[in-house]
Every structure is written in structure tokens, then in C-alpha cells.
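Here is a structure to look through with a few questions in hand. Each answer sets a value beside the rule it has to meet.

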Amino acid sequence: MKRSVALRLSAVLGVAGVAGAIAFGLPQHDASAAEATVTGFASQNGGTTGGAGGTTVKATTGTQIHHALCTRAASDTPIIIQVEGTINHGNTTKVSGDSCNTAADKIELKEISNVTIVGVGAGATFDQLGIHIRDSSNIVIQNVTVQNVKKSGSPLSNGGDAISMESTVRNVWVDHATLIASGGESEGFDGLFDMKDDTEYVTLSYSILRNSGRGGLIGSSETDTGNSNITFHHNKYQNIDSRTPLLRGGVAHIYNNHYVSLNESGINSRAGAKARVDNNYFEDSKDVLGTFYTDAAGYWQVSGNVLDNVTWSAAGEENNPAGPDLVSTTSVTIPYAFALDNASCVPSIVAATAGAGTGLKVSDGKCNATAAPTTSATASPTVSPTATASPTVSPTATVSPTATATSGVNLSIGAGADGSSKASGTSYGNVKDGNTATFWSPNGATGDISIKWSAATKVSRITIVEASGSSIGAYQVINGATGAVLASGTGGGTVTFAATSTTKLTFKITSSSGTPKVAEFQTYAS
């Protein structure tokens with residue numbers, strides 16, 4: 001088995017703990033406990049409803065979560081556990097009872113069914129404490145953060161997996177979760193989202209998986225091929241070495257995900273597995289799809305994916321990359337309805353919806369973020385009126401005071417980017433990632449940055465958003481396809497010009513009083 005290399009990461013900070021007691025009663029009307037509709041393969045095999053219709057419990061410690069499971073009338077009595085605060089080793093102990101089988105070093109969902117765990121209020125963070133699902137069914141985990149779970153070092157939990165499933169698990173829906181580590185196996189971490197030993201009908205949706213050697217596996221060995229019917233959609237994988245996921249046997253549907261900085265390999269279909277890979281956006285990554293580290297071939301059906309600065313290794317005896325020209329090697333029938341966002345808007349729609357604490361916003365299938373539709377799967381029938389967000393700007397981004405308000409669809413999202421005189425440590429892609437916390441700079445006081453499209457695109461307006469400390473002086477806006485100067489001026493902000501159809505638009509900085517910093521190069525049709 002190939003070992004993941006160590007990642008260069010910053011420490012991930014936890015959230016302060018909150019003390020409290022279990023409270024039985026009616027559901028709380030809280031935006032973070034809003035409901036959503038189960039999607040993907042978790043909607044099959046009878047569906048996944050979690051604890052819908054059961055008692056609602058409030059828990060602020062791991063012991064209270066276990067106590068709630070153990071005091072039910074039976075192991076299948078529906079229950080909704082609303083969690084707030086930090087759950088860690090210091091407040092998690094084993095609890096015994098006829099309706100549970102818990103442990104002290106993890107949140108143990110073993111030999112149970114019909115359970116929802118949902119973060120509410122200020123949020124739920126499982127710090128260095130994993131969630132383990134074994135011999136269980138109909139489980140919903142929503143709006144939680146699980147971070148820095150270790151299999152070596154201290155403290156130990158869940159074999160180093162953030163969320164893991166094994167041994168006859170059915171119908172699990174993990175939604176709007178944030179799963180993060182601070183390194184690879186050599187730093188003590190393992191997978192973020194693992195399934196093995198007969199796990200089926202699982203959906204991971206609107207979640208963030210970040211800073212780990214291993215994103216997750218489906219099947220623990222080349223003979224563990226009975227795990228199947230898994231959906232991954234609208235997730236963000238960022239700074240992951242490999243396994244996004246590793247699929248051994250079975251079927252997976254992988255659509256509308258944003259992959260950034262896959263360092264060694266990405267979707268690894270092997271041992272007869274079939275992966276349907278639709279409308280994903282792969283960026284700044286290597287070997288994003290194929291069969292890797294084995295001669296046991298897997299297969300894929302591909303359509304609508306965007307490859308943005310993706311590199312490929314050469315084929316070999318144990319290395320069969322799907323690129324650079326993606327071609328399907330099988331066909332996969334999907335039994336449920338689903339709406340595909342165009343891959344070009346996937347970075348922005350995922351930025352606006354994925355992860356814990358985003359109001360459970362979802363995509364409408366047309367590149368717009370909306371409040372989640374309600375169902376009985378989770379706790380609260382109400383949604384905060386602030387739950388809708390723009391699909392083109394990261395919800396955590398802070399806009400520079402020099403930015404000018406814009407309207408319409410930002411055509412730069414999903415487009416390509418390049419330029420000249422790029423400064424060390426910056427990226428061309430930073431100007432079209434919908435995040436003003438990142439930026440591009442030239443090496444000196446002048447340089448140019450471009451937005452590129454695969455087909456001629458009509459543009460008549462741009463907005464240059466400068467990062468803090470930027471000092472753009474004179475500029476020209478150039479039709480990169482013809483060299484014609486469309487506009488000129490000084491500073492950033494909004495620039496309009498005669499409507500032009502082009503495959504490349506360049507913002508050329510001809511002077512500055514310091515270091516120019518372009519956070520976003522936004523382009524609009526009108």
C-alpha cells in the first residue's frame with residue numbers, strides 16, 4: 001500500500017467547549033438545525049430519515065450523546081440529538097444500556113438505527129474524537145465539524161478516521177459536514193470518510209474534506225468489494241494526497257464536487273469498481289481519476305468535467321491515469337433523479353453551500369444557492385431568512401473596500417486563468433476562485449493577468465478587486481485574442497467597454513506605486 005507523503009499544513013484550531021445538560025422536548029427553531037432533503041444513494045433502499053418523528057435531545061458533551069442513545073426504549077427508537085459545543089476526550093465516556101453499545105474514545109453508533117446527530121446554535125465540533133458507525137442503519141449526521149482524529153500519537157480515536165462505517169451498515173447520510181486533519185499518516189492521521197465490510201446506500205453531500213493524506217476509502221482491501229451505492233456531491237476536497245475516494249468494487253456516483261490540490265492522485269477506481277464522474281471541477285491537481293497503485297483495474301464513466309491545471313503521470317503496470325483525455329471505460333445507471341450544475345460554476349456553488357455552519361444551503365441545480373427544502377429527516381421546520389447566498393462569492397470572503405458592487409453572472413468562475421511575471425507564492429487561479437482572501441501579484445511593479453474561455457464569450461464589463469495593500473497604477477484592458485486595447489485607466493474597480501466576443505481578456509498593469517495585488521478579476525456580459 002502506497003504511503004501518503006506528509007502535508008505542509010497549519011494547525012487547525014478547535015472551538016471552545018460549552019457546558020450544559022440534556023434537555024428532552026420539542027425541536028428548537030434554529031437555522032443550524034434546519035432540515036434538508038436526502039439525496040443520492042441514501043435516498044434508495046427505503047430512504048434515510050434518521051431520527052425523524054422521535055424525541056429531540058440537546059447534548060453538549062459526548063457522554064450526553066451516548067446517554068441519549070442508551071436511554072431510548074429500544075435500539076431502533078427514533079431520536080434526534082442536537083449537539084452544540086466541543087465534543088472531546090475530556091467529556092466523552094462509555095455509557096451502558098440495553099439500547100446502545102458505546103465507547104470512551106469515539107462517538108459510537110453501534111448496533112442501532114434511526115438516529116440523527118445535528119449541530120445547532122454556535123455549532124458542534126468533534127475535536128480529536130471520531131464518529132464510528134458499525135452494524136447500524138438509517139443514520140443522519142449533519143452540520144458538524146470533525147477534526148484532527150489520530151491513530152498514532154495522542155489522543156487516539158477511531159483508528160484515525162474522522163467518520164467511519166463498517167460491518168453491515170445501510171442508509172447513512174452525512175451532510176454539510178467539515179472533516180479536516182493536519183497531515184498524513186506520518187503525522188498520525190488516517191482517512192476522513194471511510195467505508196468497509198459491507199456498507200451500502202451512503203451519501204456525502206455539501207461537505208468539506210481538507211488537509212489530509214487520505215480523503216477516504218470504500219473497501220479496505222482488494223477483496224473487500226461488497227461496499228457499493230455511494231454518492232458524493234457538492235463537496236470540496238482540498239489539499240488531499242489521495243483517495244477522493246479510493247473505490248474497490250461497487251458503484252459510486254461522483255458529481256458537482258470541487259477538487260483543489262490533490263497532491264498524488266484523486267478518484268482511484270480499482271478492483272472492478274465503477275465510478276460515474278459527472279460535472280466535477282478539478283483544479284491544480286495531479287492524476288485526478290484512474291486506477292493507481294495496483295494492477296486490479298477499475299472503470300469510470302465521465303461527462304462534463306472541467307480540468308483546470310491538472311497534470312498526469314505516465315501509464316505503467318500499476319498506474320493507469322484516465323487523462324489527459326478523459327474517456328469513459330464503462331457505463332453506470334443511476335436509479336435516482338438528480339440535477340447537475342454546470343461544472344463551470346461548481347467552485348462558486350460549493351463555496352456558498354458546503355461545510356458546517358453554512359445554513360444548510362443547497363444548490364438549485366442551476367448554479368444558485370438556496371435555503372434547503374424541508375423534510376422530516378432532521379430537527380427544525382424553520383430556516384433563517386439569511387440562509388440564501390450568492391453563488392459567486394465565498395460566504396467567508398471579505399471584499400476589499402476598493403471593490404465596486406456588481407450584478408450578473410461572474411463569467412470568470414470556472415474559466416481558466418494565466419498571466420505573466422507571477423510572483424512566488426501566488427497563483428493565477430486566485431483571481432477567479434470567488435475568494436478575495438487570495439490574490440495574484442506580478443514579480444515587479446508591472447505585469448498582466450488573463451481570464452480564458454474554451455469558446456468565444458461576450459464581455460463588456462470587468463471588476464478588478466484589489467487585495468489589501470495593493471497599489472495598481474495605470475492599466476489596459478486587452479482583447480487577448482486580437483491584441484486590441486478595449487479600455488485604459490488607473491486603479492482597480494469596475495471598467496466598462498464595448499461588448500466584445502473573445503476567448504481571452506487581459507488586464508495589463510503598466511505602472512504601480514508598489515506591489516499590485518489582484519484578488520478577483522471578475523468578468524460580465526453586460
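Q: What makes S31 and strand S34 a pair of strands?
A: In this predicted model, S31 and strand S34 (residues 493–509) run antiparallel to each other over 13 bridges. Two strands pair if DSSP finds at least two bridges between them, so S31 and S34 count as paired. One of the residues involved is Lys452, whose bridge partner in S34 is Lys504.

Q: How do you know that strand S32 also pairs with S34?
A: Strand S32 (residues 474–479) and S34 share five bridges in the antiparallel sense. The cut-off is at least two bridges, so S32 and S34 are a pair as well. Tyr475 stands opposite Ile509 in S34.

Q: How many disulfides does a search of the whole structure find?
A: The search finds two. With the bonded cysteines of the chain numbered in sequence order, the pairing reads 1-2, 3-4.

Q: Why is the contact between Cys70 and Cys100 called a disulfide?
A: The sulfur atoms of Cys70 and Cys100 are 1.8 Å apart. A disulfide needs two cysteine sulfur atoms within 2.5 Å, so this pair qualifies. The pair links distant parts of the chain, 30 residues apart: Cys70 is in helix H1 (residues 62–70), and Cys100 is in the loop between strand S3 (79–87) and strand S4 (107–110).

Q: Why is the disulfide of Cys70 and Cys100 given its handedness?
A: The torsion about its S-S bond is about 95°, so the disulfide is right-handed.

Q: What makes Cys70 and Cys100 buried or exposed?
A: Cys70 has a relative accessible area of 8%, and Cys100 has 14% relative accessibility. Buried means under 20%, so Cys70 and Cys100 both count as buried.

Q: How do you know that Cys345 and Cys367 form a disulfide?
A: The S to S distance of Cys345 and Cys367 is 2.0 Å. That is within 2.5 Å, so a disulfide joins them. Cys345 lies in the loop between strand S27 (319–321) and helix H2 (346–353), and Cys367 in the loop between strand S28 (362–363) and strand S29 (369–370), so the bond ties together parts that are 22 residues apart in sequence. The torsion about the S-S bond of Cys345 and Cys367 is about -80°, so this disulfide is left-handed.

Q: Why is the contact between Asp198 and Arg170 called a salt bridge?
A: The side chains of Asp198 and Arg170 meet at 2.9 Å, N to O. The limit is 4 Å, so the contact is a salt bridge. The structure holds 17 salt bridges.

Q: What makes Asp198 and Arg170 partly exposed?
A: Asp198 has a relative accessible area of 25%, and Arg170 has 21%.

Q: What are the relative accessibilities of Arg276 and Asp278, and why do they count as buried?
A: Arg276 is at 17% and Asp278 is at 1%. Both values are under 20%, so Arg276 and Asp278 are buried. Arg276 forms a salt bridge with Asp278, their closest N and O atoms being 2.9 Å apart.

Q: How do you know that Asp308 and Lys432 form a salt bridge?
A: Their side chains meet at 2.2 Å, N to O. This is within 4 Å, so Asp308 and Lys432 form a salt bridge. Both Asp308 and Lys432 are buried.

Methods
Residues are numbered from 1 along each chain as its sequence is written. This is a predicted model: local features need pLDDT of at least 70, side-chain atom pairs count only at pLDDT 80 or more; totals for chains, interfaces and linings use all residues. Side-chain values use heavy atoms; hydrogens and water are left out. Helices (H or I, at least four residues) and strands (E, at least two) are DSSP runs, numbered from the N terminus. Buried means under 20% relative accessible area, exposed over 50%, partly exposed in between (1.4 Å probe, protein chains only).
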